[in-house]
Amino acid sequence: MNQPLMLTAAQKAGPKVTIAVGAVILAVLLALPLLSLLPAESAFHVSAYTLTLVGKILCYAIVALALDLVWGYAGMLSLGHGLFFALGGYAMGMYLMRQAAGSELPAFMTFLSWTELPWYWVGTEHFLWALCLVVLAPGLLALVFGFFAFRSRIKGVYFSIMTQALTFAGMLLFFRNETGFGGNNGFTNFRSILGFGITEPGTRAVLFLATVLLLVGSLFIGWRLARSKFGRVLTALRDAENRLMFCGYDPRGFKLFVWVLSAVLCGLAGALYVPQVGIINPSEMSPTNSIEAAVWVALGGRGTLIGPLLGAGVVNGMKSWFTVAFPEYWLFFLGALFIIVTLYLPKGIIGLLKKRGEQ
Amino acid sequence: MRVTATDQFMLEPIIEPNRDQGTSRDAIGLGQAAGKGLNTRHGTILTLEDISVSFDGFKALNDLNLYIGVGELRCIIGPNGAGKTTLMDVITGKTRPSHGKAWFGETLDLTRMSEVQIAQAGIGRKFQKPTVFEALSVFENLELAQKTDKSVWASLRARLGGEQKDRIEEVLDTIRLSASAQRPAGLLSHGQKQFLEIGMLLMQDPQLLLLDEPVAGMTDAETEFTAELFKRLAGKHSLMVVEHDMGFVGSIADHVTVLHQGSVLAEGSLEQVQENERVIEVYLGR
């Protein structure tokens, strides 16, 4: 991997090179879907597998960035961000299931011998309403949960445990067939999106591009936030909440804003993940998924914008290699990685690079 | 206008003492109209009456009465556990008294306001342990403390104006941290952090400053400078200083209150207090 080396160089050479490296990575990401459209014989052809894999990792990178906004900047470790991701995914999945079923009921409902759609499925055949749900479902849940959690001044490890419990409760709820989301099988066998075949190279390329755009957009939002006074208030909140209150700021509004924003970004990432990967089921809400997201952020470097992206890329890149080469050992490796980061790399890869850069 | 803490989330009124031109009694023609600013018609900025606080039966404050005048510099002394920090907690809304009255000026009932409302109304507090935003630069620390609209939306759109920058530079100069303006506050020495926190209070421009052991960990020169600073502030602001260092108290205070077991034991000038038999007994020690 020569990416970290390039980044080290970037740290040494200042912002110009950083921008150049960023531009190169962006250009490669934009070129990938175009290359995937080349005929299979071409030397530059990118396989559908590679494109899907990278697209998936980009979705995870958005989750990592969203989690970093609440953890790295505002100091609230959420161990339940997988829930928001899955909710966005399910909202998009509902639309995809309706597309696949046409005028019929989705297949899993027929199996349950249901005769009509549950009320919350109404309107999901419209793409725009599905998009609204992608934002509203995680957004409203985060708003309600955050409202009560921050009003009760739940902080630190208690907050983490509650978010973990929330995603676990979500998983149990979605496992039930009666909930109306396909039980433990979830949604799969998608056919088309907006009338285009979901496995067609063109559709894949567009979905991939949309993911890149969302990532760039999230980065831009994160960058603007981090540079604004709002970002400084978040940092202050993380380091000395009492001081901030006695300065006359109400921490609850600040926390709630960044919390809901983060949840919505996760939901959007989930919505792009599902059509690319082709399946969504309740295991996406399992606590381990959310914890893994925290590992990405910790490994990459908390409180930076690039760190979480790097962390998500490195861990997931290794994961797809490991699970092929030594499938039994992946979880051990992940655990070891987390311990090493906690003990020796408190500021993650970015911290390491910065240190190198300064020497 | 009596402002009460509402349950409505994020909709708590931002109190603007300057806009509150003597409503309530004045509005119906009783008493003279108060001028601009906090209504301090009777010359007291802080009125505490019969304040009691108990933690699991232990009375941290016991029917405490305390009045602080406008522009006064008051020192509070007392042995450990006398209730000095609890007193500050009550004034800033961190602890609710089990009974008693706490008024800021004539019109603001502190027992019914949230911590944030109290801070916005014009009471600033310095903690015992210097508390600054360590990851932010000294300049940014002052920027956050600055008196301005502190809502979420305002913070998202805030830009520093020239006047605000000048004010920050001025305070940096006052607390002698101009050279360290861009350093992270976490890298400052203990004494410098104390000054930064005082600087943050100045930026807030509160009418009443509560200072919990402001010279702890300062060198003699720094202590002397702090004393000068406080004397300059008194008059424009009201100060309430909790301090153990008798030398420091002697150099700044015109009025000293001695707390003991949660109530006021003696009040007066430092000499008077030091001559008081009961004070000698419990505090100055035999």
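**View 1. B:H260 stands opposite B:S263 of β10(B).** This is a predicted model, in which local features need pLDDT of at least 70 and side-chain atom pairs count only at pLDDT 80 or more, while totals for chains, interfaces and linings use all residues. Residues are numbered from 1 along each chain as its sequence is written, and chains are lettered from A and ligands numbered from 1 in the order in which they are written. Strand β9 (residues 255-260) and strand β10 (residues 263-268) of chain B run antiparallel and are joined by five bridges. Strands are DSSP runs of E of at least two residues and helices are runs of H or I of at least four, numbered from the N terminus; two strands pair if DSSP finds at least two bridges between them. Two residues lie between the strands of this hairpin, where B:Q261 takes a positive phi near 50°.

**View 2. Four strands of chain B form an open sheet in the order β2-β1-β4-β5.** The pairing is antiparallel. At the edges stand β2 (58-69) and β5 (108-109) of chain B, each with a single partner strand, so one side of each has no neighbour in the sheet. Strand β4 (residues 99-104) of chain B is joined to β5(B) by two bridges, and B:F104 has B:L108 as its bridge partner in β5(B).

**View 3. Helix α3 (residues 138-145) of chain B packs against helix α5 (residues 162-174) of chain B.** The angle is about 120° and the axes are 10 Å apart; axes are lines fitted to C-alpha atoms over the stretch in contact, and angles run from 0 to 180 degrees between N-to-C directions. α3(B) and α5(B) are therefore oblique to each other; angles under 35 degrees count as roughly parallel, over 145 as roughly antiparallel, 65 to 115 as roughly perpendicular and the rest as oblique. B:F139, B:L142 and B:E143 of α3(B) make the contact with B:I168, B:V171 and B:L172 of α5(B), contact being C-beta atoms, placed from the backbone, within 7 Å.

**View 4. A:E116 lies in the loop between α5 (107-111) and α6 (127-151) of chain A.** A:E116 is exposed, with 8 other C-beta atoms within 10 Å; a residue is exposed at 12 or fewer such atoms, buried at 20 or more and partly exposed in between. A:E104 is 12 residues from A:E116 in sequence and 9.6 Å away in space, C-alpha to C-alpha.

**View 5. In the interface, 23 residues of chain A are in contact with 25 residues of chain B.** The largest share of the chain A side, seven residues, comes from α9(A).

Key. Contact = placed C-beta atoms within 7 Å.
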